[in-house]
Amino acid sequence: FVLFHSLDELYQPFILKSQIDSRYSAMQDAEMPASAAQGSNGADKADDKTSADYYFDSYSHFGIHEEMLKDGIRTRSYMNAIMNNAFQFKDKVVLDIGCGTGILSLFCSKAGAKHVYGIECSAIADQAKQIIEDNGYSDRITIIKGKVEEINLPVEKVDIIVSEWMGYFLFYESMLDTVIYSRDKWLAPGGMMLPDRATLNLMGIEDGDYKADKIDYWDNVYGFDFKCIKSLAMAEPLVDVVDPQQVATTTAPVLSVDILTASKEDATFKVPFSLTALRNDYLHAIVAYFDITFGAGHKPVFFSTSPKSRSTHWKQTVFYLEDTVTICQGETLNGTLSCKPNAKNPRDLDIELTYDFKGKHCKCQRVQQYRMR
């Protein structure tokens, strides 16, 4: 990891899974009658499931894959990084981690790969196999259903590993640890990783209307004090599309991940940041987004999930502040961002945000805890 200290669509709410994630709703609706009919035995079986099992179950429904495939920024960036560098794929053995419907495997094979092995743990692997067969690639693409850590590849080493492993806030529900495991076990010396770098960025936004509607609302609900729910709402980051007009500070790239050298322990970090006001405004939240680079090709391919870029299915992650920071142009908000996988469910994240501000019209200092789940 490289740490950076500084650097100079309207809302469409996307609620995290603790608020019933839209990605899972279709699957859950379809499964609910069956699970209810199982009675206590069904409940016992559900209790036997691990967090990883629920994670993979969520990717069994075609709806989440439709959303990702239709994300043109995501899918075309991978396509361009592969197809525009076909000479690097010619006669190479490729491993596609978390291959889903197999679209990246198809790109790699079309680019000239000798053989592509796609690993997928969820039930969508069955459709991936059919898609590969229907498109005439069965002799060049093999879909393996199972967990990466439990399967055996028919080859000892691969030349290229490709994976779309990123989650919200880059690390939420991400497969980075699985990609690292695959790299260490199967990537040949001098092999390529696609993508090969990810950068996490922060910025401050003005968002008074939304905060008043969704956070401050709980202060007075028909004359009653509901502040205990307000604390829950504040602790849950919002995944949403941020209007670029709301951005009120500079951007601070705080973390850079080199996929060729990163370790799974690097997903736990504490980094400083500094955000300088671009105008006189009020800061209600800190926004996180990430950039992805495919730098190993003849011409690097890059995409951003910034509010200032075309929206992706990752959107941005919004951390609301307890304080409303009255900030003047040129003033700086300093702080630290800490993140670690949750002890019970490593795909969830425990996040801490501290900030210290001393401005002309406002002074505040606070530590806030968040949980992405």
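Predicted model: local features only at pLDDT ≥ 70, side-chain atom pairs only at ≥ 80, totals over all residues.
Start at proline 195, in the loop between E5 and strand E6 (197-205).

Two more backbone spots are worth a stop. Most residues other than glycine have a negative phi, and most peptide bonds are trans. Now select aspartate 91, in the loop between helix H6 (86-89) and E1. Its phi is positive, about 65°, although the residue is not a glycine. Is aspartate 91 buried or exposed? Aspartate 91 counts as exposed because its relative accessibility is 52%, and the cut-off for exposed is over 50%.

Next, jump to leucine 170, in the loop between strand E4 (158-163) and helix H9 (176-186). Here phi is near 70°, again a positive value in a residue other than glycine. Leucine 170 has 0% relative accessibility, so it counts as buried.

Leucine 170 also takes you into the largest nonpolar core, which has 91 residues; Phe169, Leu170 and Leu337 are those with the most contacts inside it. To see what gives the most to this core, colour strand E10 (residues 281-294), which supplies six residues. Then show the side chain of phenylalanine 169 and its surroundings: leaving aside residues up to four places away in sequence, it touches Leu200, Ala288, Phe290, Thr317, Phe319, Leu337, Cys339, Leu349, Ile351 and Met372. A second, separate core has 13 residues, including Met203, Met234, Val247 and Val318.

Now switch to cartoon view for the open sheet. Which order do its five strands follow? They run E3-E2-E1-E4-E5, with parallel pairing. At the edges sit strand E3 (141-145) and strand E5 (187-194), each pairing on one side only. Ignoring direction, neighbouring strands of this sheet are turned by 20° against each other on average. Helix H8 (residues 124-134) packs on the sheet and touches E2 and E3, its direction making about 165° with that of E3.

Zoom in on strand E1 (residues 93-97) and strand E2 (residues 115-120), which pair in the parallel sense over five bridges. If you want one of the pairs, pick valine 94: its bridge partner in E2 is valine 116.

Last stop: aspartate 209, in helix H10 (residues 208-214). Aspartate 209 is exposed, with a relative accessible area of 70%. Draw a C-alpha to C-alpha distance from aspartate 209 to histidine 284: the two are 75 residues apart in sequence and 9.7 Å apart in space.

Technical notes:
Residues numbered from 1 in each chain as written. Heavy atoms only, no water. Core = buried A, V, L, I, M, F, W, Y, C linked by side-chain atoms within 4.5 Å. Buried < 20%, exposed > 50% of the residue type's maximum accessible area, 1.4 Å probe, protein only. Helix = DSSP H or I, 4+ residues; strand = E, 2+ residues; numbered from the N terminus. Contact = heavy atoms within 4.5 Å. Pairing = 2+ DSSP bridges. Axes fitted to C-alpha atoms, helices over the stretch in contact; angles between N-to-C directions.
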